[in-house]
Amino acid sequence: MLLLSTFYACFPPFALADTQSTALEDDIGFSQWKESFKQQALDYGIRPAVIRQAIEPLSIDLKVLKFDSTQPEFTRSIWQYLDNAISPKRIKLGQALLQKHADLLNRIEVQYGVQKEIIVAIWAMESDFGRNYGHKNVLRSLATLAYHGKRAEFAQKELLAALEILQRQRFKPESLIGSWAGAMGQPQFTPTSYLKHAVDYDRDGKKDIWTSLPDVFASIANFLSESGWRKGQSWGVEVNIGKDFDWRLNSSAYQLRFIQWKNLGVNSINGKPFKAIQRQASLFIPAGRFGPVFLVTHNFDVIKAYNNSSSYALAVAQLSRLLVGGEGIQRAWPRDEKALTRDQIIEIQQAMLKAGHNPGKIDGKIGANTREAIRTWQLEQGLPGDGYANLGLLERIRKKK
Ligand code: CA
């Protein structure tokens with residue numbers, strides 16, 4: 001693939017620049033870890049020759065540890081995330097690639113039941129259409145994380161899966177290229193996802209998610225299909241919830257049919273009738289009641305199986321729509337709002353916990369649990385329960401104290 005060779009010109013598969021010497025104690029500790037891991041890999045059923053070849057040359061990658069320990073001070077707002085993910089340039093390139101690979105994508109769409117624009121949108125999000133999927137040796141990244149990282153158990157399991165890939169697919173260890181966190185190739189599959197979902201669509205005997213576009217597209221489609229994608233169904237629609245909306249209905253746990261939503265005063269933003277009125281959907285209000293509001297279906301959740309973030313799922317959803325000439329988001333985001341800091345979010349989470357509403361892990365990140373806790377608290381206070389955390393909410397909480 002042309003793009004790949006250009007890419008490798010900038011980043012050789014083994015980035016030699018980051019093989020700096022590590023502290024002596026780390027060297028000793030890492031050697032000991034390798035010995036015990038080799039035994040584990042043997043017990044797992046990996047052949048000694050594969051283990052030797054893959055594990056012995058590895059050293060700690062300090063850059064991986066640095067990435068793993070970095071916490072951003074500010075959380076990015078969803079509109080900043082979307083601006084970056086769905087740039088006009090990306091839409092244009094995506095449309096051109098959709099055209100260029102139309103035959104292949106049409107075949108895969110028919111076979112797996114996943115719309116081709118969804119496949120291309122995920123391809124864009126994961127690796128910028130295969131142009132940037134990381135330049136790390138995934139074995140080294142995972143070994144570093146397994147030895148030292150915050151998610152050692154996860155990394156160890158993934159490293160065993162990576163060895164299984166080498167054994168089954170007869171790849172050379174240095175061909176498993178990906179991100180510092182161990183996501184591989186153009187679809188950014190973890191090794192366990194690769195073992196479960198990767199496909200040899202061009203039938204050359206290798207599931208090659210690095211250089212074979214047929215394998216890349218079919219692997220993405222197969223991932224979604226095996227995660228429960230419902231054939232041909234939409235991810236959802238932007239809606240208007242009306243003035244007298246009953247905020248008790250705003251919960252991802254609250255599924256209603258489109259026809260029922262309509263009867264409650266929820267309509268599509270462009271005024272067109274809902275298409276599949278018997279299908280179920282729930283409300284998704286990512287930036288409060290003054291921002292865009294969506295009804296999302298089962299397939300929206302399937303996108304989250306690929307990457308468990310609502311912002312990610314919305315980016316894939318919107319990008320896919322724009323790739324086929326659909327409308328962008330109609331309602332404006334509350335762009336003049338300042339982003340909350342991690343500490344401010346932690347303050348909100350602690351306040352919710354104190355008020356008896358479980359925000360999930362107190363981690364300075366807004367997830368489904370925190371939104372749900374806020375929503376319940378808002379309803380309790382007689383406020384519209386949009387579950388949205390902003391400075392206005394924080395001030396209100398502080399006044400209550
Ligand atoms: Ca292949």
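This is a predicted model: local features need pLDDT of at least 70, side-chain atom pairs count only at pLDDT 80 or more; totals for chains, interfaces and linings use all residues.
Which residues is Gly178 in contact with, leaving aside its neighbours within four places in sequence? Residues are numbered from 1 along each chain as its sequence is written, and side-chain values use heavy atoms, with hydrogens and water left out.

Back to Gly178. With those neighbours left aside, Gly178 is in contact with Tyr133, Gly134, His135, Lys136, Val138, Ala183, Met184 and Gly185; contact means heavy atoms within 4.5 Å. Gly178 lies in strand S2, residues 177–178. Helices (H or I, at least four residues) and strands (E, at least two) are DSSP runs, numbered from the N terminus. The relative accessible area of Gly178 is 0%, so Gly178 is buried. Buried means under 20% relative accessible area, exposed means over 50%, and partly exposed is in between, with a 1.4 Å probe and protein chains only. Between the C-alpha atoms of Gly178 and Arg168, ten residues apart along the chain, the separation is 19 Å.

Next, the cores. A nonpolar core here is a set of buried Ala, Val, Leu, Ile, Met, Phe, Trp, Tyr and Cys residues joined through side-chain atoms within 4.5 Å. The largest has 92 residues, and Leu176 and Tyr194 have the most contacts inside it. Helix H15, residues 310–323, gives the largest share of this core, nine residues. Another core, of 16 residues, lies apart from it and includes Leu249, Ala281, Leu283 and Val293.

As for H15, twelve of its 14 residues are buried, so the helix is largely enclosed by the rest of the structure. Among the buried ones are Tyr312, Leu314, Val316 and Leu319. At 1.5 Å a residue, H15 should span 20 Å, and its end C-alpha atoms are 20 Å apart, which agrees. The expected span is 1.5 Å times one less than the number of residues.

Now the sheet. Five strands form an open sheet in the order S4-S6-S7-S3-S5, with antiparallel pairing. Strands S4 (256–257) and S5 (267–268) stand at the edges with a single partner strand each, so one side of each has no neighbour in the sheet. Two strands pair if DSSP finds at least two bridges between them. S6 (residues 280–284) and S7 (residues 293–296) pair over three bridges, and Leu283 stands opposite Leu295 in S7. Four bridges join S3 to S7, where Val237 has Leu295 as its bridge partner. S3 and S5 are joined by two bridges, with Asn240 opposite Asn267 in S5. S3, residues 236–240, is mostly covered, four of its five residues being buried.

Last, the calcium ion. Its donors are Asp200 (OD), Asp202 (OD), Asp204 (OD), Lys206 (O), Asp215 (OD) and Asp215 (OD), at 2.2 to 3.1 Å. Donors are N, O and S atoms within 2.8 Å of the metal, or 3.2 Å for Na, K and Ca; water is not among the atoms, so sites may look incomplete. In sequence the donor residues are spaced D-x1-D-x1-D-x1-K-x8-D. Asp200, at 21% relative accessibility, counts as partly exposed, and Asp202, at 33%, also counts as partly exposed.
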